[in-house]
Amino acid sequence: MDTILRDKLRAINEEYERLHEKMALPEIVSDPEAYRRLVRAQKEMEEIVTSFQQYESCEKSLNHAEEILREETDPELISLAQEEKNSLQEQLVELEKKLRILLLPKDPNDEKNTIIEIRAGTGGEEAGLFVADLYRMYTRFAEKKGWKVELIDEHPTELGGYKEICFQISGFRVYSQLKYEGGVHRVQRVPETEAQGRIHTSAVTVAVLPEADEIDIQIDPKDLHIDVYRSSGHGGQGVNTTDSAVRITHIPTGIVVTCQDERSQHKNKARALKVLRSRLLDIKIHQEQTTRSEHRRIQVGSGDRSERIRTYNFPQNRVTDHRIGLTLYSLDQILDGELQPIIDALVAADQAERLAQITETEISTTK
């Protein structure tokens, strides 16, 4: 491990200990908000500190094994010490890699809840049916993770699909897992309406928005045009008889948001404002990514909605993520919510690319 990395880790370890001591101070214990802030800050460092302690412990064990190899004459003990040395060297390599990943800059939105919007693209009714498939896939994935799903708005089609659907997923670090899902999802299958059994290709777009609160995005009420009307969705008997649906137009950007899932006009307005803030935050994030330094954007995590990110091929039971060249022959399981293998691979690719960028920067600065 180089000196720069070691010094950085030691500084974090010292800060972790300092926070631990500060949490015992009477003025902090008596201030719940200050105490929570310190707990949160310490929690963010915990895995780094623990991993660094493991690294230093491995180093001590390695030094001991090397000492035995230098001084011991018993062949059996030498053999055991050599095995231990090899094992410890491998552990040190893995721990250093883990520590470098843990030190990567955190996405400030990773802890946020997420709003997902899925819209039918090319393919007519078949695209609408695939919107329903993806909605079920994300719902099932959320159930497996213990997350909560709330429908915000829907525009169903006659055949049981959706022209578009908008919903929120709440839970632990939702955005950190789902932010890679933004883009064009393509499906290849034989539609039920196709008599000759020909494979059709359809596409839908998925937008993944970190939930924004009023601190993230402030909206001037003068910039809003609000309409109310009767709902037309599946909300039940009472929904369609009152002017509970809300349409909000953000005049400066032209963004239009509708919400009609709740019977209460006030609840629909609150949800629509939540979606509007999240869309405005999404625009802000993409603008920052475009103008941030001269480094190229990380393609795996860019969430570019015009980018074809994944193909779902039903005849071959195949799913291919084009960004990382990953192909899995388990489409049925993936559509049933088994998304974790794809997400894990995307996270790993994202981390590897960011590590490579940091290494390139470090090399160029030392020249």
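The bridge partner of Arg-119 in strand E5 is Thr-205, where helices (H or I, at least four residues) and strands (E, at least two residues) are DSSP runs numbered from the N terminus. This is a predicted model, in which local features need pLDDT of at least 70 and side-chain atom pairs count only at pLDDT 80 or more, while totals for chains, interfaces and linings use all residues. Residues are numbered from 1 along each chain as its sequence is written, and side-chain values use heavy atoms, with hydrogens and water left out. The chain holds nine helices and 11 strands, and 41% of its 367 residues count as buried, a term that means under 20% relative accessible area, against over 50% for exposed and values in between for partly exposed (1.4 Å probe, protein chains only). Among contacts in the chain with a separation of 6 or more, 62% are accounted for by residues 24 or more positions apart, contact meaning heavy atoms within 4.5 Å.

**The eight-stranded sheet**

- Eight strands form an open sheet with mixed pairing in the order E2-E3-E1-E5-E4-E9-E10-E11, and two strands count as paired if DSSP finds at least two bridges between them.
- The edge strands of this sheet are E2 (148–156) and E11 (326–328), each of which pairs on one side only, and the twist from one strand to the next averages 15 degrees.
- E2 is joined by eight bridges to strand E3 (residues 162–170), and these two run antiparallel; within E3, Glu-164 is the residue that stands opposite His-155.
- Helix H5 (residues 125–145) packs on the sheet and touches strand E1 (114–120), E2, E3, E4, strand E5 (200–210) and E9, its direction making about 10 degrees with that of E3.

**Strands E1, E5 and E4**

- E1 and E5 run antiparallel and are joined by seven bridges.
- E5 also pairs with E4 in the antiparallel sense, again over seven bridges, and in that pairing the bridge partner of Arg-186 is Ala-203 of E5.
- E5 is mostly covered, since eight of its 11 residues are buried.

**Strand E9 and its neighbours**

- E9 (residues 308–313) is mostly covered, with five of its six residues buried.
- Strand E4 (residues 183–189) and E9 run parallel and are joined by five bridges, with Arg-308 of E9 as the bridge partner of Val-184.
- E9 pairs in the antiparallel sense with strand E10 (residues 318–321) over four bridges, and Tyr-312 stands opposite Val-319 in E10.
- The hairpin of E9 and E10 has four residues between the strands, and in this hairpin Asn-317 takes a positive phi near 50 degrees.

**The three-stranded sheet**

- Three strands form an open sheet with antiparallel pairing in the order E6-E7-E8, whose edge strands, E6 (224–229) and E8 (255–259), each pair on one side only.
- Neighbouring strands of this sheet are turned against each other by 15 degrees on average, direction ignored.
- Strand E7 (residues 245–250) pairs with E8 in the antiparallel sense over five bridges, and Cys-259 in E8 is the bridge partner of Val-246.

**Helix packing**

- Helix H3 (residues 32–71) and helix H4 (residues 75–102) pack at an angle of about 155 degrees with their axes 9 Å apart, where axes are lines fitted to C-alpha atoms, for helices over the stretch in contact, and angles run from 0 to 180 degrees between N-to-C directions.
- H3 is therefore roughly antiparallel to H4, given that angles under 35 degrees count as roughly parallel, over 145 as roughly antiparallel, 65 to 115 as roughly perpendicular and the rest as oblique.
- H3 passes H4 in a left-handed crossing, meaning that the near helix is turned anticlockwise from the far one by less than a right angle, whereas clockwise would be right-handed.
- The residues of the contact of H3 with H4 divide into 16 nonpolar, six polar and seven charged, where Ala, Val, Leu, Ile, Met, Phe, Trp, Tyr, Cys and Pro count as nonpolar, Asp, Glu, Lys and Arg as charged, and the others, Gly among them, as polar.
- Helix H1 (residues 3–22) and H3 pack at an angle of about 130 degrees with their axes 9 Å apart, which means that H1 is oblique to H3.
- The crossing of H1 and H3 is left-handed, and the residues making the contact include Leu-9, Ile-12 and Tyr-16 of H1 and Met-45, Val-49 and Phe-52 of H3.
- By class, the contact of H1 with H3 has 11 nonpolar, four polar and seven charged residues.
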